[in-house]
Amino acid sequence: MVLERTAADRVAVRVVWVGGDWSEFVADTGGHALRELSGIGTIERLVAEMARAGASDAAIVEALDAQGHHLDHGRRVLLSTIRKLRLAQGIRYRPEMRRRVAGALTLPEVAEVVGVSQAWLHHRIRTGRIRLALDPQHRMYLFPNDPAVLDAVRQLANGSVKTVDLTPNVPY
């Protein structure tokens, strides 16, 4: 019997019989980590393509299963594995995952409309250049859904004003 490790999770086995004939097969030994799996590169690429196209994690699991992709010992790819691979590639937010609040604009929405980064807004809030408190009910920053607010943040971004006060009863 001859064993040859062909990959971190595979072994080629050759059994030589008494008459000189032999049998060959490949055994899946499993891996201790995702990076050790033979087909993980293909799975990562497919996860990135499908996630960027807007597919949900559950839909990606079904597609990979239908295409015959699997983890060690033929186990199907888990939902948690898809999430881990998607997040590792920096694919974090899909539009349906963003929280929305009626009558208010969230920080990501304001950043997108004004044309600044979310980090830029967070920094201005932390340093007091934008005075805005966390909404206690939703536990996030909520901007009034008012064109004057967006205009005031744009003016702050282009340097026309030094601060924007969005505390209650204070004009922008």
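The protein contains six helices and eight strands, as seen in a predicted model. Followed along the sequence, these elements are arranged in the pattern β-β-β-α-α-α-β-α-α-β-β-β-α-β. Of its 172 residues, 34% count as buried. Among contacts with a separation of 6 or more, 47% are made by residues 24 or more positions apart. The protein exposes about 11000 Å², and carbon and sulfur atoms supply 53% of that area.

Val149, Leu150, Ala152, Val153 and Leu156 are buried. These five lie on the same side of α6, because they cover an arc of only 160 degrees around the axis. An α-helix has 3.6 residues a turn, so residues three or four places apart point the same way. On the other side of α6, Pro147 and Asn158 are exposed.

The partners of the buried side come from several parts of the chain. The buried residues of α6 pack against two helices, α4 (107–114) and α5 (118–126). They also pack against the strands β4 (104–106), β5 (130–131), β7 (140–144) and β8 (164–165).

Definitions and conventions: Residues numbered from 1 in each chain as written. Predicted model: local features only at pLDDT ≥ 70, side-chain atom pairs only at ≥ 80, totals over all residues. Heavy atoms only, no water. Buried < 20%, exposed > 50% of the residue type's maximum accessible area, 1.4 Å probe, protein only. Helix = DSSP H or I, 4+ residues; strand = E, 2+ residues; numbered from the N terminus. Arc of directions from axis to C-beta. Contact = heavy atoms within 4.5 Å. Areas by Shrake-Rupley, 256 points an atom, 1.4 Å probe, with all protein chains shown as cover.
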